[in-house]
Amino acid sequence: MNLEGILAQATAMVVALVVAPLLTGWVNVCRAWLQGRSAPPLLQPFRALHKLFWKESVIAHGATPLFRLAPYVIFGCMLLASMIVPTLSTNLPLAPAADAIALVGLFALARVFISLAAMDIGTAFGSMGARREMLVGFLAEPAFLMVLFTASLLSDSTSLATIVTTLGHREFTILPSLALAGVAFVMVSLAENARVPVDNPATHLELTMIHEALVLEYSGRHLALLEWAAALKLFVYSCAGLALFFPWGVAQANHRTALALALPALIAKLAIGGFLLALIETVMAKMRIFRVPEFLATAFLLGVLALLVHQLLGA
Amino acid sequence: MDVIVLLLAIPLAGGAILWTWGERESAPEVNSAFSLVTLVVACWLTAMVIEGGPILGFYEQFFVDSLNVFLITLTAFVGFTTSLFSRPYMRTERDRGRMTGPRLRLYHSMYQVFTFTMLLALTTNNMGILWVAMEAATLATVLLVSVYRTAASLEAAWKYFILCGVGIAQALFGTILLYFAAERVLGREGNALLWTHLDLVKGELQPAIMSLAFVFLLVGYGTKVGLVPLHNWLPDAHAEGPTPISAVLSGLLLNVALYSIVRCKVLADGALGSHFAGNMMMGFGLLSVVVAAFFLSRQRDIKRMFAYSSIEHMGLMTFAFGMGGPIANFAALLHMTVHSLVKSAIFFAVGHAVQKAGTQVMEDIRGLLKVSPRVGWGLMIGTLAILGMPPFGVFASEFLILTTAMREHAWATPILLLALGVAFAAIFARVQPMVFGDTGHPRLTHQPALTPVFIHLGFAFMLGLWIPPYLAAWYEQAARLLR
Amino acid sequence: MGGYGTQIVNLFAATLLLIAFAMLAQRRIVALIHLFALQGLALVGSTVTVAWVTGQHHLYYSAAITFALKVVILPYILHRLIRRLNVKWDIETLLNIPTMMLVGIVLVVFAFNLAIPISEFSTSMARGTLGIALACVLLSFLMMITRSKAVPQVIGFLAMENGLFFAATSATYGMPMVVELGIALDVLVGMVILGVFLFQIREQFDSLDIRHLESLRDD
Amino acid sequence: MIGSLLTIDAVLIVVAAWIVVGLAGIAAVRYPGFVAHGLFPLSAALSAALCGIALAALPGTPETAILAIGLPGLPFHLRLDALSSFFLFLVGIASAGISIFSAGYFRRGEGTPAGVMCMQYHVFLAAMAMVIVSDDAYAFMVCWESMALSSYFLVTTNHRIPEIQRAGYLYLLIAHIGAIAILLCFGVLQANTGDYTFANMRAQHLAPFWASCAFLLALFGFGAKAGVLPLHVWLPEAHPAAPSPVSALMSGVMLKTAIYGMLRVTFDLVSTPIWWWGVVALSLGLATAFFGVVFAAAQVDMKRLLAYSSIENIGLIVMAFGLAIVFRAYGMRSLAALAMTALLFHCINHALFKSLLFLGTGSVLHATNERSLGKLGGLMRFMPWVAWTALAGVIAAAGLPPSNGFASEWLLLQGFLFTGALPNPYLKMLVPLFAGGLVLVAALAAYVMVKFFGVIFLGRPREERLEQAQDAGRLERLGLAWLTAGCILLGLFPAAVIEAIDPIAFSLLGQGLAQGGRVGDWLMLAPVSAERASYSAPLVFALIVAIVLTTFLAVRRFYHGRVRRAAAWDCGTPFQTARMQDTAEGFGQPIRQIFEPFFRMRRELPSPADERPRYRVTIEDPMWAAIFVRIAAIIEWISGVVGTLQRGRISIYLLYSFVTLVALLLLTQA
């Protein structure tokens, strides 16, 4: 692990921490534009985080240590995830620590912790949120893994770095399996990041909410950490998607120049991605919670289909 | 004084003496004493045979080789332990007024006479006397089956008498045919029915006659073994008679009847030179195992159920003997031993359980472990042993039988295993709730004798894990006698 | 002389078979007992003849035993029984008489076919008789099956013994003496026990109809 | 080695010592205190010793021994090779924790007295160890059935209760039927040589047909014990019935002996597996795993839930088994080794975390006398020890990094992914599908585990009396801690574990995983190559911890650590009760709804009108009605037919013997 490696890793981390809230903010901005509202400033998420960190955190009676531990663990998982996904460079020293499967594992860990924390207080909302979160999770995870499998079969490896390298180095061809996988991925990431049509981050309507129900009991710094973690999650997903489907521009080696070139590329791609996300959220309607399994099952099937298509056509 | 004659004289004398004072308070002890002496003499005889080889006694009328000597010991042993068991059992029966003085007298004397007939059948060298002894055994036990004088017991005894009588008559015809075949070779002297002589010349016996003779003998003695479809007397007699009698019927009589068939099979095989006899026995055996297994699941009466299980195991042995060959014969002999030990042990436990509950209906017997754990464990372990659960001897013999069957008649193995599975399900489903659970049964007036139960089970356990070398050698010797 | 002997024995054999058929057809118990005694007599006759012709002396003893047992004692016991139990009539058989006759004929044919190859080997003077003996046994068996009352069943049982005994004497000039004695003893004891039984059954069900004895069943 | 002590002798000594301890228990039946605090810790020490022995024997060459018991001509043959030493290690490490836990658990004997139970318990342990080392059919069968028998008696400890009787009966019956199939399997394997030693079976080369028969029989027989569909029905009955340590032992260890049997027969005794066996095993495994996890999600009894989760894990293991067969059949030995490694790894992981969870339920049961999830809740406040150790078990069972459960599932998925080289196109299609199913199952397992932990330990107590729940005693804590430590260590150093179990794959498949390049150093686990796939549990763990700590400190450094306790937000409703939380039924409801066709559900929905509304839903196992009830009906029918033989009519009986006679006579003429 040389100095450049450390540098690359550090930049990746910092970029993640900084860009993630920006991405969330950017999506909100775009959505406001598309809905013809006046947009909040791009840095609004930072302000929110700052405010929350200053607030004292109110914890319900009888909350166990688990409740207070959870936000940190979740934040940790998301940050780690953002450190192993090749955002700027594929040559990250920490990347070998976890491959695609482990990445999904990390998300699952975070999910389990937040669900447990939500059940800890023992309110109706908490357990409802936990149930729905796990419901979404147990369908979304396999779908996501199927997508990753398709990619890893293409590159005969599950390590994200290798996947990105191989995908990035081949000349541009339309791969039907990747196309299918792409659709599945979009559906999954909508669900995983509590976006319309699965969840609506901007509502507290108890019948529909999932993520908000989970964090209902949190306040102050804990809530801040959770929000930040959510932003990181969106960021990681987006980066993973970009790495899988648009792997161009990611630096293969840790030259400062390459990194310097990679950053604007990433920003650009994220901006486009964020806009598309906002577009989807605007044109689609929130679906009933009972429909979510069907939605995700479709994603799962698409993933499997992608896998089969790959086996069949070898492409 | 000939040991064999002594062996026969003791139970006979016992029968006579107990006939005169069998209702006394001390009669059970006297009964056990006679059985004990018989056992001692039997062991002495066994020792002689082990050292000196086969013994011919009393003008060649008696013949003891390694095949029957172990049956003799087994008979004497089970006879003794059963007499031990019957002491508290009969006392309790008397307290409950089911046994009166005369009945006790009949019981004790007939018990000894029955032992005598068994030993006679085993020791005799004369096929005719063998028949006489078997018939006598029926006569000795038939009155005991009906000793309670209930309608059911009368019916059972009547069926026992008529069916076994008719059966045994067939056996007599078989014996006559045997004699008819033999006298042409051995001449008209009395020794034309002596097994030793027949065994020497069996090659020259007339096949056509011998095949007929064997059929009659098989049907005749098979009735006593309880082979399906000649078995119908067996469950009734077991269920309705006093439990010690059920124990000796299952533990001894069936064995001896099978023993006679095996003796005849040796001759038939020698004469026919084909596997005719063996196939016939295998057919009967298989049929018995399967049918009995399916009967088991219809039983409500506990003794009746275990009677059917006896039929099943007898069928298994018959099948094994039918297969022939050293391993199968070995296994069959082993199974014979273990089955009489375990089954009589079960009947001991059942006897006390029934006395506790005051009924033989299984639905009404519950929670034995609670009132008297030893009876409960005895019944439970005995049942598991008889169902072929390791590490009990029954599993060892069944393992040998099944594996031999796989080798020689693979088609039969799944059938046997299916039947064993069904039997397991049926029996265990009924025994478990009897042993477990809660109950309000009273205690017994007399301390139940469970030592015999655990002695028997202990032996069965040992035979499952370790067969003493001399015992094994002995079995192998016997198995070789049967080819 | 041997020739005559053979003919006489065959004659007796024929008589036995005839009587067996008669018993099969007979309805009245008393007559049944008489027939049984008669059969015993024929048996004694044939035994004596065989003994006389072949000079097998022990056959005289067994003839004597047979006479005592099957012509005198057993019929006497049976008579006393039915008088004490006053059962005179045995109307119904489970199978009607003509059918039984037909079945009986079939059985006889069957028995003869079985016996023919065997009797070739017979060194004795009466070769054909083994078949007849077998036929008698089977007929008595049929009788036991078809009778629905205790006493006739017992008689059928005894008749079967007769057939066996006849087979023993005629085919093989009798079993060894020990065996014969044993058999005789068994038969005697068996009769006594039967008597006891009949009384027990009687006092239990106040009838000797064995259709009362059908309570122990598994269906 | 004359004179010096072989490793296998050491194993035998441990077994003998177990038996002695059991007998001592019988002798000391009057002193339950001594039995609990004297004998059980002793046996725990023995288990630990067994671990050491097995670990030492793992890389060694096979050792054989012959005991002078058994049948004449077939004494007990024993053999200790890599495979058996691994499973001995499994037995040892799990039973050590369970025994020490039991020392605290069997404090007041309910049902069977503690001494008798001690006997049964140690016979059970000894039988399992003997099964693993036995090397001939007779010894194997004897030990196998003794195992079933002793565990049966342990299950029926509280035999006063009819359900427990029923459970025990079902268990023993299915075990017996399985044993029959195993016996048949050995009968096929010895190929008419009449020699029932495993050595002879290895020497035989069966025709494909017979080999397949043997495999299917083994799959049936051992599957019955392992709880493979559709023979799993005994499992959810027996596990709740048994005392918790026994459930732990059965679920954690005994099921693995069945897996051991499958491996022994398929990879050792039958020399050459056929590819479609693998497909059979894969499909069965997937069906089992899926069925198990879906039903686990719907359970409301905590031990039943764990039992179904055991079924799920067995399903995963059987899938790995099938994968190994497929690769082995196509001669892709290194991949077969990968699958095999994953299999064994998951075996030991499941042994640890499932025992841990069952012991946890045991403590909960003792503290609350309550098994129904609907009446528990909030116990983390009152039983922190149990709760936190259980949390470790839950994370492992849910297969989350950095736990051991994740490590083995990760390996398994690697096995599923690199199937490109398979020559058979259908398999190429099929195997990724199985991978998809596997992932789905794993995700559902997480759902189940959240339900399990959340409903029992989190939230508010659903009953008043739960407030008085006592935490586990000292010995119990020790047992829990032992198993937790096992889970964590195995999870943190998977590479070391794989190094350790590599000799097995090598001995069974002729090639291990570590052949050629190492499977990675202690830090990094890279089974095939670092480019292909790599996973570093220690790193992940360290990084998460580091981030958590730095964030924690940073937040306090830059902002503050103030906390105010207040009532939970009541959404504006006047009051909040514990009843408002999700019940177990409620938590499982989405699964029930999605997978409705799998269940046989009976619902009682209250009508809006009735003033005392009650809602009840009961889940039934469809296999039960579909298969077992039918079989029972068939047997009933046959016995009814047979029963007509015994009409009680003497004339008919005479007719039988008459007809028999005539028929046989005719036969002689033919």
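**Where chains A and D meet**

Analyst: Four pairs of chains are in contact, and chains A and D share the most contacts of these pairs. That makes the meeting of A and D our part to study. Keep in mind that this is a predicted model.

Start with the counts. On one side, chain D brings 64 residues, which are in contact with 67 residues of chain A. Where on chain D do these residues come from? Several elements supply at least two residues each: helices α14 (379-382), α16 (404-417), α17 (425-457), α20 (537-558) and α21 (584-594), along with strand β3 (563-566). Helix α17(D) gives the most, with 15 residues. Sorted by class, this side of chain D has 45 nonpolar, ten polar and nine charged residues.

Now look at strand β3(D). Strand β1 of chain A, residues 57-60, is joined to β3(D) by four bridges. These two strands run parallel. One of the pairings can be named: A:V58 has D:R564 as its bridge partner.

In chain A, helix α1 (residues 3-34) packs with helix α3 (residues 65-84). The angle between them is about 130°, and their axes are 9 Å apart. Angles over 145 degrees would count as roughly antiparallel, and 65 to 115 as roughly perpendicular. The two helices are therefore oblique to each other. Helix α1(A) passes α3(A) in a right-handed crossing. Which residues meet there? From α1(A) come A:Q9, A:A12, A:M13 and A:A16, and from α3(A) come A:L79, A:S82 and A:M83. By class, this contact has five nonpolar, two polar and no charged residues. An α-helix has 3.6 residues a turn, so residues three or four places apart point the same way.

In chain D, find the hairpin of β1(D) and β2(D). Strand β1(D) covers residues 63-71 and pairs with β2(D) in the antiparallel sense over seven bridges. D:E63 stands opposite D:L80 in β2(D). Two residues lie between the strands, and D:G73 in this hairpin takes a positive phi near 90°. Is β2(D) enclosed or open? Five of the seven residues of β2(D), residues 74-80, are buried, so the strand is largely enclosed by the rest of the structure.

Chain A has no contact with chain B, and their closest C-alpha atoms lie 41 Å apart. Chain A has no contact with chain C either; there the closest C-alpha atoms lie 56 Å apart. Chains B and C do touch: 36 residues of chain C are in contact with 40 residues of chain B. On chain C, helix α7(C) gives the most to that side, with twelve residues. The residues of that side divide into 25 nonpolar, eight polar and three charged.

One helix of chain B is worth a stop. All of α9(B), residues 233-240, is buried: eight of the eight residues, so the helix is largely enclosed by the rest of the structure. Among them are B:W233, B:P235 and B:H238. The buried residues of α9(B) pack against α5, α6, α10 and α12 of chain B.

Methods: Residues are numbered from 1 along each chain as its sequence is written. Chains are lettered from A and ligands numbered from 1 in the order in which they are written. This is a predicted model: local features need pLDDT of at least 70, side-chain atom pairs count only at pLDDT 80 or more; totals for chains, interfaces and linings use all residues. Axes are lines fitted to C-alpha atoms, for helices over the stretch in contact, and angles run from 0 to 180 degrees between N-to-C directions. Angles under 35 degrees count as roughly parallel, over 145 as roughly antiparallel, 65 to 115 as roughly perpendicular and the rest as oblique. A crossing is left-handed if the near helix is turned anticlockwise from the far one by less than a right angle, and right-handed if clockwise. Two residues are in contact if their C-beta atoms, placed from the backbone, lie within 7 Å. Ala, Val, Leu, Ile, Met, Phe, Trp, Tyr, Cys and Pro count as nonpolar, Asp, Glu, Lys and Arg as charged, and the others, Gly among them, as polar. A residue is buried if 20 or more other C-beta atoms lie within 10 Å of its own, exposed if 12 or fewer, and partly exposed in between; C-beta atoms are placed from the backbone. Two strands pair if DSSP finds at least two bridges between them.
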